[in-house]
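Me: Could you walk me through this structure slowly? I am new to reading these.

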Amino acid sequence: MKNIVVLISGQGSNLQALLDACQDGRLKGRIAAVLSNNPDAYGLVRAQEAGIPAQALLPSNFASRADFDAALAEEIARHQPDVVVLAGYMRILSEAFVRRFSGKMLNIHPSLLPKYPGLHTHRKALENGDSEHGTSVHFVTEELDGGPVILQARVPIFPEDSEQDVQERVQAQEHSIYPLVVSWYLNNRLALRDNRAWLDGVALPAAGYAAE
């Protein structure tokens with residue numbers, strides 16, 4: 001069975017979606033470890049309750065970002081991952097780290113990339129009067145939130161929406177599409193080649209498989 005290592009920083013709702021997908025057989029793999037940069041991340045509790053090794057590495061214990069990333073990379077490698085899944089991991093990864101796991105690291109970002117990379121995406125969508133928002137699963141590359149998009153899900157924004165309303169609507173879609181994309185990868189359907197995402201031997205368009 002293939003190994004999944006998940007990186008988190010917070011609540012771990014996407015981690016829970018992956019745990020559920022493993023439990024009900026939608027993912028033909030097992031979560032071998034959950035790692036975090038935040039010792040108070042509730043996602044660590046979710047992992048422990050599921051009987052999965054969970055560990056926090058504190059950046060403050062390392063002399064530099066490079067040292068932290070090197071230690072994190074070694075801890076990931078110890079679990080022999082077939083795929084590394086970023087599920088709400090909030091630290092920017094060093095180029096050396098990204099290169100080490102190139103082609104086998106996925107991220108989910110709460111916007112319709114390339115729109116709104118970085119933080120506070122729901123707030124930006126509301127402030128700009130957008131009528132829709134969404135989420136994107138993409139390969140991780142050295143460009144922040146700039147790797148090839150694999151799959152997107154769109155949600156409407158209504159005039160009376162709060163930031164919390166939009167976040168909940170987006171997260172519902174995240175919990176659906178992230179396990180799906182991870183399953184594509186574990187089933188050898190998905191690959192990163194020439195800085196493009198390929199599914200079933202076909203290069204995906206810039207907006208991913210969900211492009212209209």
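Reply: What follows is a chat about a predicted model, taken a few parts at a time.

Me: Let's start with helices, then. How do H1 and H2 pack, angle and distance?

Reply: Helix H1, which covers residues 13-23, packs with helix H2, residues 42-49, at an angle of about 20°, and their axes are 9 Å apart. Angles under 35 degrees count as roughly parallel, and H1 and H2 are therefore roughly parallel to each other. Their crossing is right-handed.

Me: Which residues in H1 and H2 meet?

Reply: On the H1 side they are Ser13, Leu15, Gln16 and Leu19, and on the H2 side they are Gly43, Arg46 and Ala47. Sorted by class, the residues of this contact divide into 3 nonpolar, 3 polar and 1 charged.

Me: OK, and what about H1 and H6, at what angle do they cross?

Reply: The axes of H1 and H6 cross at roughly 50° and come within 9 Å. H1 and H6 are therefore oblique to each other, and H1 passes H6 in a right-handed crossing.

Me: Who meets whom in H1 and H6?

Reply: From H1 there are Ser13, Asn14, Ala17, Leu18 and Ala21, and in H6 they meet Gln171, Glu174, His175, Tyr178, Pro179 and Val182. By class, this contact of H1 with H6 has 6 nonpolar, 4 polar and 1 charged residues.

Me: Which residues are buried in H1?

Reply: The buried residues of H1 are Ser13, Asn14, Leu15, Ala17, Leu18, Leu19 and Ala21. What covers them includes helices H2 and H6 (163-186), together with strands S1 (2-8), S2 (29-36), S4 (83-86) and S5 (105-109).

Me: And what is phi like at Gly25, which follows H1?

Reply: Gly25 has a positive phi, near 90°.

Me: Where else is phi positive, in a residue other than glycine?

Reply: Tyr116 is one of them, with phi near 55°, and His120 is another, with phi near 60°. Tyr116 lies in the loop between S5 and H5, and His120 is found in the loop between S5 and H5 too. As background, most residues other than glycine have a negative phi, and most peptide bonds are trans.

Me: You brought up peptide bonds. Which residues does a cis peptide bond join?

Reply: A cis peptide bond joins Leu113 and Pro114, with omega at about 10°. Pro114 has its place in the loop between S5 and helix H5, which covers residues 121-127.

Me: Changing topic, how many aromatic pairs does the structure hold?

Reply: There are 4 aromatic pairs in the structure. Among them are Phe139 and Tyr185, whose ring centres are 6.5 Å apart and whose planes stand at 65°, so the pair is edge-to-face. Phe139 lies in strand S6, residues 132-139, and Tyr185 in helix H6, so the pair ties together parts that are 46 residues apart in sequence.

Me: How buried are Phe139 and Tyr185?

Reply: Phe139 is buried with a relative accessible area of 0%, and Tyr185 is buried with a relative accessible area of 14%.

Me: Got it. What about the rings of Trp184 and Tyr209?

Reply: The centres of the Trp184 and Tyr209 rings are 5.6 Å apart and their planes are at 75°, so this pair is also edge-to-face. Trp184 lies in helix H6 and Tyr209 in the segment after strand S10 (202-203), so the pair ties together parts that are 25 residues apart in sequence. Trp184 is buried, at a relative accessible area of 6%, whereas Tyr209 counts as exposed, at 53% relative accessibility.

Methods
Residues numbered from 1 in each chain as written. Predicted model: local features only at pLDDT ≥ 70, side-chain atom pairs only at ≥ 80, totals over all residues. Heavy atoms only, no water. Axes fitted to C-alpha atoms, helices over the stretch in contact; angles between N-to-C directions. Helix = DSSP H or I, 4+ residues; strand = E, 2+ residues; numbered from the N terminus. Parallel < 35°, antiparallel > 145°, perpendicular 65-115°, else oblique. Left-handed = near helix turned anticlockwise from the far one by under 90°. Contact = heavy atoms within 4.5 Å. Nonpolar A, V, L, I, M, F, W, Y, C, P; charged D, E, K, R; others polar. Buried < 20%, exposed > 50% of the residue type's maximum accessible area, 1.4 Å probe, protein only. Phe/Tyr/Trp six-rings, centres within 6.5 Å; stacked < 30°, edge-to-face > 60°.
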